[in-house]
Amino acid sequence: MGMAIESMELNEVETLEGHTDRVWSLDWNPATGHSGIPLLFASSSGDKTVRVWEQNTLSSNRFTCKAVLDETHTRTVRSCAWSPSGKLLATASFDATTALWENVGGEFECVSTLEGHENEVKSVCWNASGNLLATCSRDKSVWIWEVQQGNDVECVSVLQGHTQDVKMVKWHPTMDVLFSCSYDNTIKVWADEGESDDWQCVQTLGEPNKGHTSTVWSISFNASGNKMVTCSDDLTLKVWETENIELQSAGEFAPWRHLYTLTDYHDRTIFSVHWSREGILASGAADNAIRLFVDNNESEVDGPMFKLLLKKEKAHDMDINCVQWSPGEKPLLASASDDGTIKVWELAS
Amino acid sequence: MSDKFSAALRIGDLNDFIAPSQACIVSLKGSKTNTFKSDNKPQVSIAKKQVQSEPVKISLKDCLACSGCVTSAETVMLEKQSLDEFLSNVDKGKAVIVSLSPQSRASLAVHFDISPLQVFKKLTRFFKSLGVKAVFDTSCSRDLTLVESCMEFMARYRQNQLVDDERSKSSLPMIASACPGWVCYAEKQLGSFVLPNISKVKSPQQTIGTIIKHYLCQDMGVRPEEVYHVTVMPCYDKKLEAARDDFVFQLGSHDEGHGSDVNMISEVDSVLTTGEVLELIQLKDVDFKSLEEDPLDRLLTNINEEGYLYGVRGSSGGYAETIFRYAAKTLFGRQIDGPLNFRNIRNSDFQEVTLEVEGKTVLRFALCYGFRNLQNVVRKLKTGKCDYHFLEIMACPSGCLNGGGQIKPKTGQSPKELSQLLETVYMENVWEAEPFDNPTVRDLYDKWLEQPGSEKAQRFMHTQYHPVEKSITSQLQNW
C-alpha cells in the first residue's frame, strides 16, 4: 500500500433493501466487474430467498435487484456461491438441500437439487476449476460433489471428522484442497491423496497448533494462496501460512502453520473475514462494525504483522454476517447484516 | 454417536448438536456448556440442565424406534454389556451357541497370522473352554439366505417384466438386505420410497438365528429360552439388527414382535464384534496362536467331508454374484463359468456387471459400498434414473471385511494394506461352492422349509421394514 493509509475512509455507496429477514451471506460473481461487464452479486437470507443484484453500469454506484430466487428453498438460505465461470449459482439452505441455479435467458432456473445432509446446510463453495462443490452442515459432515455435464451431480465423498456443526467450507483458490471450519473450534484440511481413492483429513488446525479457542466462523485466502485468515468467536483473526502450496499438485501435502494472531481489536464475535487481492483484510462482527487491516510492512522485526487500517463503527444496525470484496480493478466491499440490508462500500483516501 | 457404527448410521442420527435430549426420548447428560451463537437465530434459550451423575439406560430398541441418536456414552455401555452379558450367560448354565461370520474369521486370521480354518478350530476350542456348547458358521446360513434371495429376485424380475404399472416397476431394483447400517439409514432417512426395493430375505445373522431357535431347538428337544445365541460379526450395526422387534418371537406362536415381554425369544440374543472377541481372548489371557484346535461342529457349518471350508466368493456375502449367475442361467440359459466381469464405475467401491443377450443388456447388477456411493444410487433411485436390476449396497467402504467391528490395523499398517490382506485371506482354505448344492441347506428344505421360495420358507426367512416416523421433537429441532 503505497498510499497514505492513515487518511483512508470507507464510504457507503448504497444501502440495498429488499430482503424481509436477516441477510446471511453474499457472493460477488467472479465473471463480472471487468471486460466491460457490470458487477453482479447474489445475497441469501432468512426470508428463504436469494436476490441477485447488478450494478447499473460498470462505473455506476447504483445497484438494482435483477432477480429474486424463491419458491425452491423452504427455509433460510444460509449461503450462496457463484461458479468460477459465473454461470451457475449454488445456494445452501437450512432445509437440508443445496440448489444449483442457471441463468437461462435472463431467468434463473433451479437445475439441480443436492440432497443428503441430515439437516441445515451451512455453506457451499466451488473449487477453482468449477467441477467440484463442497457443502457442510450442522450434521457435522462435509460433502464433496462433482458437477457433471448437463448439471448432473454426484456425491464424491462424505467426510466425517468435525465433532460439531461445520460453519464454512472453502476451497483453496488454485488447488483442489478443501478447508472447513467448525463449532468444534478447529479448521480441517481435506485432500484427495494418491494412496486411497477417497478424500481424507490431512491436517487439523486446533488449539495445540495455536488455533482458535472458540467457534471458527469463516476462512479466506490471499491472492497467491500461500496464506489464509480465519475469524472466530474467540475475538481473534488468525493468519496461517504454508511453505509451498505447489507441492500439493505433486500429490504431497504442504502443512499449514500459525503465522500471526490479530487480537484485541474485536470485542464481539467475528462472523466474517475476507482478504482482498490487494492484501486488505476486512472483518464483519457482532458489534455492527467493519474493520480493515493491512500488512504492516514498515514494522520492525518483532512488531505486529498487521495493523488496523480503519474501523467503521455502526456500519450496520445489527450483526454483520458477511463481508466480501468485489472483483475488478477498483474493488468495492459489500456487507450483509441481520438488519436485513446489504451495504456497498468504497475505500477512498 | 460412537464412530464405531457405520457412516450411514452416524450421518442418519446426528442430532446431538444442541443436545441429544431434544430428540431423544430419554434425557441425557451434558452438552457443550459454553454459550454460542447459533445460526438458527432467533435462538431459543435452553435452560441449563443439572448434570446427571447416574448413567441413563437406553436400550437399542429405544434407539431403533427413535429418530434421535445413540450417544457415545451409551455405546460404551452397550459394548460392556455385550461381553459381560455373554460371560454371565455362560456362567448361568444356559446352552450358549456361537455363530461365527467368515469376515470375523478372516480378521482374526490376519491378526494372528494363521489360517481362517485354524482360527475357526482354535475359536471352537476357546469358546468351548468357556462353556459354549456349539460354534457354527454363518456362511452356512448365508447359503440359505442366498437361495431365498435368488427366489425373491426371480419373482421380482417376472413381476417387473409382466405387468406395466407403477407398482410393478417398483419391484426392481432389488437391494440386498444384509447390511443393517443401510437398512437403518433407509428406514430413518429415506422412508417408504426405497423400502419396497430392499430384499425381504433375512440376513445370514438372522437366518442362522431362525434356524437355531425355530428349528434346531425343536429338533434337539431343547427349549429355545434355554439357548443363548451369540453371533460374532464384523460390524457394530449388527447389534442393532439383532435388537429389531421383527426378530423376536413369542414361544408357541408365530406372531413375531407382539404380545408381552414374557417368553419373548430373540433369534440372536447378543452380538459380539470381532474386536470384542479379540478383547475376550486377551481378557482370558489365552495364547491364541498356540491354542489347541478342536474339531468343528458340522451341524451348521460349511465344512465338507475332506475337512475343507466352502462358500461363495464375495467378501460382503456374494449377493450380486450369486443372484447374477442364477438369473443368467435360469432366465437366459447362460451358464457363466469363472469369475464375473465386474467393472469399476466411479471407484473400486462401485462396480457393475452386465449380461448381454443379442446385443441387449438384460441384466445390470452393481456392488455399491460406502456412504458416498450409496448416496449416488439413492439419488438415481429418487430421480427414477436407476436402471439396475440388483444392488448389493453396503454402508462401509470396501464392504463387510472393513466393517467397524473388525480388528484395527496394526501400527504402521495402512487401512488399505489391511483391506487387501483381508481380501486374500478371506477365501484361503475356502472352496467355492454353489449355495443350492449345500447339503445342510438341502437338508433344511427337506426336513423343514419344503422348497426354496415356498410359503413356509417365506414365513420363516422373510422380514419387513418400517419407515421411522420423525418424532415431533426431532422435527422441531430440524425446523
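## Polar contacts at A:Asp234

A polar contact is a pair of N or O atoms within 3.5 Å; within protein, one atom must be able to donate a hydrogen and the other to accept it. In this predicted model, such a contact of 2.7 Å joins the side chains of A:Asp234 and A:Thr236. The side chain of A:Asp234 also has a polar atom 2.9 Å from the backbone nitrogen of A:Thr213.

A:Asp234 is located in the loop between strand 19 (227-232) and strand 20 of chain A. Its relative accessible area is 16%, and A:Asp234 is buried because the cut-off for a buried residue is under 20%. When neighbours within four places in sequence are left aside, A:Asp234 is in contact with A:His212, A:Thr213 and A:Ser214. A:Asn119, by contrast, is 115 residues from A:Asp234 in sequence, and the C-alpha atoms of the two are 26 Å apart in space.

## Chain A as a whole

Chain A contains 28 strands and zero helices. Its radius of gyration is 19 Å, close to the 20 Å given by the globule rule for 349 residues, so chain A is as compact as a globular protein of that length. Taken along the principal axes, the box filled by its C-alpha atoms is roughly 50 × 50 × 35 Å.

Of the 349 residues in chain A, 63% are buried. The chain exposes about 12900 Å², of which carbon and sulfur atoms supply 44%. Among contacts between residues at least 6 apart in sequence, 50% join residues at least 24 apart.

## Two threonines of chain A

A:Thr186 occupies the loop between strand 15 (177-182) and strand 16 (187-191) of chain A. With a relative accessible area of 13%, A:Thr186 is buried. Its side chain is joined to that of A:Asp184 by a polar contact of 2.7 Å, and to that of A:His162 by one of 3.4 Å. Beyond its neighbours within four places in sequence, the residues in contact with A:Thr186 include A:His162, A:Ser180, A:Cys181 and A:Thr204.

A:Thr242 belongs to strand 20 (residues 237-242) of chain A. Its relative accessibility is 2%, and A:Thr242 counts as buried. The side chain of A:Thr242 reaches the backbone oxygen of A:Pro255 at 3.0 Å, while the backbone oxygen of A:Ala254 lies 3.2 Å from a polar atom of that side chain. Both A:Ala254 and A:Pro255 are in contact with A:Thr242, as are A:Gly225, A:Asn226 and A:Trp256, with neighbours within four places in sequence left aside. A:Gly225 is 17 residues from A:Thr242 along the chain, and their C-alpha atoms are separated by 8.7 Å.

## Aromatic pairs

A pair of aromatic rings is described by the distance of the centres and the angle of the planes. Over all chains, the structure holds 31 aromatic pairs. In one of them, the rings of A:Trp217 and A:Phe271 have centres 5.0 Å apart and planes at 90°, so the pair is edge-to-face. A:Trp217 lies in strand 18 (residues 216-221) of chain A and A:Phe271 in strand 22 (residues 270-275), so this pair ties together parts that are 54 residues apart in sequence. From C-alpha to C-alpha, A:Trp217 and A:Phe271 are 5.4 Å apart in space. A:Trp217 counts as buried at 5% relative accessibility, and A:Phe271 counts as buried at 4%.

Chain B provides another edge-to-face pair, formed by B:Phe86 and B:Phe127, with 5.9 Å from centre to centre and 80° between the planes. B:Phe86 lies in helix 3 (residues 72-91) of chain B and B:Phe127 in helix 5 (residues 116-130), so the pair ties together parts that are 41 residues apart in sequence. Both B:Phe86 and B:Phe127 are buried.

Helix 6 (residues 138-162) of chain B has 25 residues. From its first C-alpha to its last, helix 6 reaches 36 Å, close to the 36 Å expected at 1.5 Å a residue. This helix is mostly covered, with 19 of its 25 residues buried.

One aromatic cluster of chain B is formed by B:Phe153, B:Tyr157, B:Phe324, B:Phe332, B:Phe365 and B:Phe390.

Notes
Residues numbered from 1 in each chain as written. Chains lettered and ligands numbered in written order. Predicted model: local features only at pLDDT ≥ 70, side-chain atom pairs only at ≥ 80, totals over all residues. Heavy atoms only, no water. Phe/Tyr/Trp six-rings, centres within 6.5 Å; stacked < 30°, edge-to-face > 60°. Helix = DSSP H or I, 4+ residues; strand = E, 2+ residues; numbered from the N terminus. Buried < 20%, exposed > 50% of the residue type's maximum accessible area, 1.4 Å probe, protein only. Contact = heavy atoms within 4.5 Å. Rg over C-alpha atoms; globule rule 2.2 N^0.38 Å. Areas by Shrake-Rupley, 256 points an atom, 1.4 Å probe, with all protein chains shown as cover. Expected span 1.5 Å × (residues − 1).
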